[in-house]
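Subject: Structure for your review

Dear colleague,

Please find below the structure that I am handing over to you.

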Amino acid sequence: MNNDIPNCPKCECEYTYHDGTSFVCPECAYEWTGAEEAIKAENTIKVIDANGNQLSDGDNVVVIKDLKVKGSSGAVKQGTMVKNISLTDEAGHNIACKIAGFGAINLKSEFVKKV
Ligand SMILES: [Zn+2]
C-alpha cells in the first residue's frame, strides 16, 4: 500500500489512486485534489530540533548548550530535560515550556534535541 495516497474521504476505501491531477476512488468514483490537506499542512507549525527531527506538542527535549535566560542571572544548563513542550509560531523562540527555577520561558528549537 502506498502511504502517500490517502483513503477515500467519502467511503474510506484504501484502493484509491492518483490520476495525475486528482485522487480517484474506484469504489464510489469520488474524485478530490487533496489541495485542502496541502493547505492544512502548510499552516501547521514546523519546529525542527538540532538534529533535524520534527518536534510536536508534548515532546520532551534536552537542552544541548548553556542558554542565557533573558531577565535572569542564570542560564539553562546543557543537558537540562524539558518536558511537555508547546510549539509556538513566534520567530526564533519557537518552543514554549516551563523549566524548574526559571518558570515559563521560550527556547529556540535549534538548541534542543528530542529525547
Ligand atoms: Zn470512495
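Predicted model: local features only at pLDDT ≥ 70, side-chain atom pairs only at ≥ 80, totals over all residues.

The protein chain contains one helix and 11 strands, and their order along the sequence is β-β-β-α-β-β-β-β-β-β-β-β. Its radius of gyration is 20 Å, well over the 13 Å that the globule rule gives for 115 residues, so the chain is more spread out than a compact globule. Along the principal axes, the C-alpha atoms fill a box of roughly 65 × 25 × 20 Å. Of the 115 residues, 16% are buried. Among contacts between residues at least 6 apart in sequence, 34% join residues at least 24 apart.

The largest nonpolar core consists of 11 residues: Val47, Leu55, Val61, Val63, Leu67, Val76, Val82, Ile85, Ile95, Leu107 and Val112. In soluble globular proteins, nonpolar side chains tend to be buried together. Leu107, one of the core residues, is in contact with Leu67, His93, Ile95, Cys97 and Val112, leaving aside its neighbours within four places in sequence.

Thr33 lies in the loop between strand S3 (31-32) and helix H1 (35-43). Thr33 counts as exposed because it has 11 other C-beta atoms within 10 Å, where the cut-off for an exposed residue is 12 or fewer. The C-alpha atoms of Thr33 and Cys8 are separated by 11 Å, and the two residues are 25 apart along the chain.

Yours sincerely

Methods: Residues numbered from 1 in each chain as written. Helix = DSSP H or I, 4+ residues; strand = E, 2+ residues; numbered from the N terminus. Buried ≥ 20, exposed ≤ 12 C-beta atoms within 10 Å, placed from the backbone. Core = buried A, V, L, I, M, F, W, Y, C linked by C-beta atoms within 7 Å. Contact = placed C-beta atoms within 7 Å. Rg over C-alpha atoms; globule rule 2.2 N^0.38 Å.
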